[in-house]
Amino acid sequence: MDINISGIQQVGIGVENVKEAWKWYRQNLGMDIKIFEDASVAEIMLPYTGGKPRERYAVLALNLNGGSGFEIWQYTKRNPEAPKFDIQIGDLGIFATKIKSKDIHASYKFFKSKGLSIISEIQEDPKEHLFFFIKDPYDNIFQIISTKGNWFSNQKSLTSGVAGAIIGVSDMDKAINFYSTILGYNAAVYDVTDTFESFKILPGENNKLRRVLLKPGYPRTGSFSKLFGSSKIELIQVLDREPKKIFKDRMWGDLGFIHICFDIHGMDALREKCKENNYPFTVDSSQSFDMGEAAGHFSYIEDPDGTLIEFVETHKIPIVKKIGWYLDLTKRDPKKQLPNWLIKALRFGRVKG
């Protein structure tokens, strides 16, 4: 069976209150399309939940401008823990999530008018692409990046869903091999080493860093590949201090970016590929899981520094739940894109306010 990775499906965000956080993401980042909302017990994630099943509540939300979703995640029977130290650029794990902007200057003005926490002016990356950083009320950092094209539809929001991430690593060459071989980010946009003026506002800004921006060297295919669009992974290695693990002594689901999830087809073949490359599945749902409104097969691996990577082979999603319209993806060509009109029907799951 062939392996097909359609793109990033979602980034998990651990919060104290899903409803409060989702409202902020709807109002400020346009994440207003509900794919599922589910309260249940995380029974399979025992390696990352202290060896015990944990009750949780989660929402998966999208932005129909394009990009990937947020899985907003909350423990319901324990208090989620914050990092025990101030996270700095280059610490090991997901430091920030990338969000595309139709108009970087208009986005900056919009966020400023709403009194949001903008933590940098508009800057340039090593390829002169414009960006700036914002922080949500829960200390999660988002990099807003200028992108002129590649929009799935024209929504009111100036921004998209997830378009990649900034990830701290300890061994750049080993990390590049992982993200290239396993996840298909096999083309380098840049590979530069310096202290960066554009990062001066970030914690750890004075350190010497190696920055490598990776993208897939081929177009992604699959049911939702057009909606997910392009994504990039920026790997950061700090060279003059010892980085800390962002989730050291904490559980999956605690506060912050908990995982990056990829939409895939060919889970059995992927399991073998990961094992052959010494990145075996650490969690495997084996068969179809059911989250009430969606179903599929999921698994997890760790990158060389323990950052959690989730794979989901989607079997069923709701299009219009009120009338019982669910899409069965098990009978479709896994490399064929869904028609635009069908994906746009997800607008009936929009949550306002």
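**Charged side chains and their surroundings**

Mentor: Happy to! Let's start with Lys84, which is exposed, its relative accessible area being 56%; here exposed means over 50% relative accessible area, buried means under 20%, and partly exposed lies in between, all with a 1.4 Å probe on protein chains only. Before going further, keep in mind that this is a predicted model, in which local features need pLDDT of at least 70 and side-chain atom pairs count only at pLDDT 80 or more, while totals for chains, interfaces and linings use all residues. Residues are numbered from 1 along each chain as its sequence is written, and side-chain values use heavy atoms, with hydrogens and water left out.

Back to Lys84: its partner is Glu81, and in their salt bridge the closest N and O atoms are 2.9 Å apart. A salt bridge is a side-chain nitrogen of Lys or Arg within 4 Å of a carboxyl oxygen of Asp or Glu. Glu81 is partly exposed, at 31% relative accessible area. In total, you will find 17 salt bridges in the structure. The general idea is that side chains of opposite charge can pair when their charged atoms come close.

Now follow me to another pair, Asp173 and Arg210, whose side chains form a salt bridge at 3.3 Å, N to O. This pair links distant parts of the chain, with Asp173 in helix 3 and Arg210 in strand 12, 37 residues apart. Helices (H or I, at least four residues) and strands (E, at least two) are DSSP runs, numbered from the N terminus. Asp173 counts as exposed, at 51% relative accessibility, whereas Arg210 counts as buried, at 18%.

Asp249 gives us a further example: its side chain meets that of Lys248 in a salt bridge of 4.0 Å, N to O. Both Asp249 and Lys248 are exposed, and for Asp249 the relative accessible area is 58%. You can find Asp249 in the loop between strand 13 (232–238) and strand 14 (256–265). Its backbone is worth a glance too, as phi of Asp249 is near 60°, a positive value in a residue other than glycine. Asn278 also has a positive phi, near 65°. Asn278 sits in the loop between helix 5 (267–276) and strand 15 (283–284), and it counts as exposed, at 65% relative accessibility.

What happens to a charged residue that is buried yet has no salt bridge? Take Asp303: the nearest side chain of opposite charge is that of Lys245, 7.4 Å away. In this bookkeeping Lys and Arg count as positive and Asp and Glu as negative, while His and the chain ends are not counted. Asp303 does have a polar contact, side chain to side chain, with Tyr179 at 2.8 Å; such a contact is a pair of N or O atoms within 3.5 Å, where within protein one must be able to donate a hydrogen and the other to accept it, and residues adjacent in sequence count only if both atoms are side-chain atoms. Setting aside residues up to four places away in sequence, Asp303 touches Ile167, Phe178, Tyr179 and Tyr279, contact meaning heavy atoms within 4.5 Å. The place of Asp303 is the loop between strand 17 (295–302) and strand 18 (308–320).

The structure has zero disulfides, a disulfide being a pair of cysteine sulfur atoms within 2.5 Å. For Cys261, the closest cysteine sulfur is that of Cys274, at 13 Å, too far for a bond. Cys274, likewise, is in no disulfide. Cys261 is buried, with 0% relative accessible area, and Cys274 is buried with 0% as well.

Finally, a word on confidence, given as pLDDT, the predictor's confidence in each residue from 0 to 100. The protein averages 91, and 93% of the residues score at least 70. Confidence is highest in helix 3 (residues 172–181), at a mean of 98, and lowest in strand 16 (residues 289–290), at 58.
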